[in-house]
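Please look over the model below before reading the comments.

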Amino acid sequence: MTYDLLIQNIKELILPVSTERPLKGKDLDELNVVKNGTVVVHEGKIVYAGPYTEDYEARETIDASDRVVSPALVDAHTHLVHGGSREHEMALKRQGKSYLEILESGGGILSTVEATRQATEDELFNKAEYDLLTMIHHGVLAVESKSGYGLNKENELKQLRVSKRLEEKYGLKMRHTFLGPHAIPKEASSQADFLQEMIDLLPEAQKYADFADIFCETGVFTLEESKRYMEAAKALGLRVKIHADEIDPLGGLGLAIEEEAISADHLVASSDKDKANLKDSDTVAVLLPGTTFYLDKESYADARGMLDNNGAIAIATDYNPGSCVTNNLQMVMAIAALKLKLSPAEIWNAVTVNAAKAIDVDAGTINEGDDANIVIWRAPNHEYIPYHYGVNHVEKVIQNGRVIVDRQPGLLTNA
Ligand code: NIG
Ligand code: FE
């Protein structure tokens with residue numbers, strides 16, 4: 001038989017394990033790396049991925065000598081759809097204003113809310129589309145995308161619709177998250193009323209959203225409010241996520257575990273007790289070290305402590321216009337290596353199989369039978385990608401067996 005595609009002579013083939021539950025603790029440090037591998041694809045699926053073999057014939061062969069091949073990456077936490085940008089906040093930061101001070105004075109998230117409300121649905125779509133294509137160029141084919149810059153019915157649903165349209169247009173594996181309680185809008189009569197308004201919006205948001213999320217933080221929503229919101233979402237059958245302990249230790253991680261959240265995200269300031277409790281839970285700790293870097297904080301999430309306690313962690317960008325202005329997950333892999341002290345194996349598992357678990361998407365592995373969503377990296381080994389930071393090492397991105405990105409250096413348009 002003749003197959004569609006053969007990727008041959010792969011210097012290192014990265015094969016995270018297929019697993020029902022997220023990888024925990026020491027298991028993240030195990031990564032199946034095949035030296036001199038072969039991948040065979042037919043009708044968009046993986047037929048074979050393993051040691052070199054000449055047993056297969058194909059219509060098309062890609063020679064991956066001196067290349068790394070891996071599953072396409074999964075970005076499990078992004079605020080992809082938003083209006084405007086906040087470069088003016090750089091000056092405020094230079095003057096010593098903190099993230100929460102900027103928010104308190106009506107800037108920060110609230111300035112993006114203004115820009116998002118003003119943007120038409122098509123304007124939002126065009127901006128998010130470009131950002132999404134940049135992510136794909138950087139090796140990502142599964143993405144979680146949150147609302148949270150509308151803060152009212154019309155504009156929250158507008159963001160969610162844009163997110164859905166992107167999924168349809170690019171056939172990507174996307175998950176959509178309703179983050180109505182992301183900040184308190186200026187026009188809210190009270191915090192309690194606004195939270196109730198967002199709770200009342202859940203049934204409608206559910207038409208588009210897979211998950212409900214809330215920003216549990218000083219000056220935003222309390223632990224009690226977060227609990228109320230999560231329970232209301234769960235009562236409707238929505239699964240929940242939480243922005244927890246990003247700046248202050250309010251106990252959001254403990255609440256996430258108690259509420260069986262699919263993920264708890266940030267966790268920079270989480271308590272030792274809550275971190276230890278990760279071991280008995282399938283809640284994935286989604287760590288966002290690009291945000292800690294961008295907020296210029298000294299102390300990062302305690303990834304090592306979470307792994308020592310047998311917790312499950314994933315790494316994501318948190319791409320947004322305020323606290324983490326990069327949609328390059330490779331850059332965040334480098335920050336995870338340096339600041340979270342993760343090994344290359346832990347990082348690869350955290351941006352593939354475990355990131356997929358954090359958003360319940362069938363992605364992050366390229367074992368037999370999986371969708372053929374593959375990246376060919378111009379890198380001598382898998383350790384190289386978190387090491388050579390800030391630039392794009394992708395050579396090809398293959399979606400369902402089809403090459404959709406090909407950026408071999410040297411091929412300039414005018415050459
Ligand atoms: O995950 N923390 C809250 N939300 C985003 C930031 C949003 C913004 O600053 O626009 C985050 O960091
Ligand atoms: Fe976020």
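1. Conventions. This is a predicted model, in which local features need pLDDT of at least 70 and side-chain atom pairs count only at pLDDT 80 or more, while totals for chains, interfaces and linings use all residues. Residues are numbered from 1 along each chain as its sequence is written, chains are lettered from A and ligands numbered from 1 in the order in which they are written, and side-chain values use heavy atoms, with hydrogens and water left out.

2. Annotation. An unreviewed UniProt entry marks His-77, His-79, His-243 and Asp-318 as "binding site". These residues are spread over 242 residues of sequence, yet they cluster in space, with a largest C-alpha distance of 12.1 Å. UniProt positions are given in the numbering used here, feature names are shortened, and annotations may be inferred rather than shown by experiment.

3. His-79. This residue sits in the loop between strand 6 (73–75) and helix 1 (89–94); helices (H or I, at least four residues) and strands (E, at least two) are DSSP runs, numbered from the N terminus. His-79 counts as buried because its relative accessibility is 2%, where buried means under 20% relative accessible area, exposed over 50% and partly exposed in between (1.4 Å probe, protein chains only). The side chains of His-79 and His-243 make a polar contact of 3.4 Å (a pair of N or O atoms within 3.5 Å; within protein, one must be able to donate a hydrogen and the other to accept it, and residues adjacent in sequence count only if both atoms are side-chain atoms).

4. Asp-318 and His-77. Asp-318 lies in the loop between strand 14 (313–315) and helix 12 (329–339). Asp-318 is buried at 1% relative accessibility, and His-77 is buried at 0%. Beyond four places in sequence, the contacts of Asp-318 (heavy atoms within 4.5 Å) include His-77, His-79, His-243 and His-266.

5. Lys-297. The loop between helix 10 (289–294) and helix 11 (303–308) holds Lys-297, which is partly exposed at 38% relative accessible area. Not counting residues up to four places away in sequence, Lys-297 touches Ile-247 and Thr-292.
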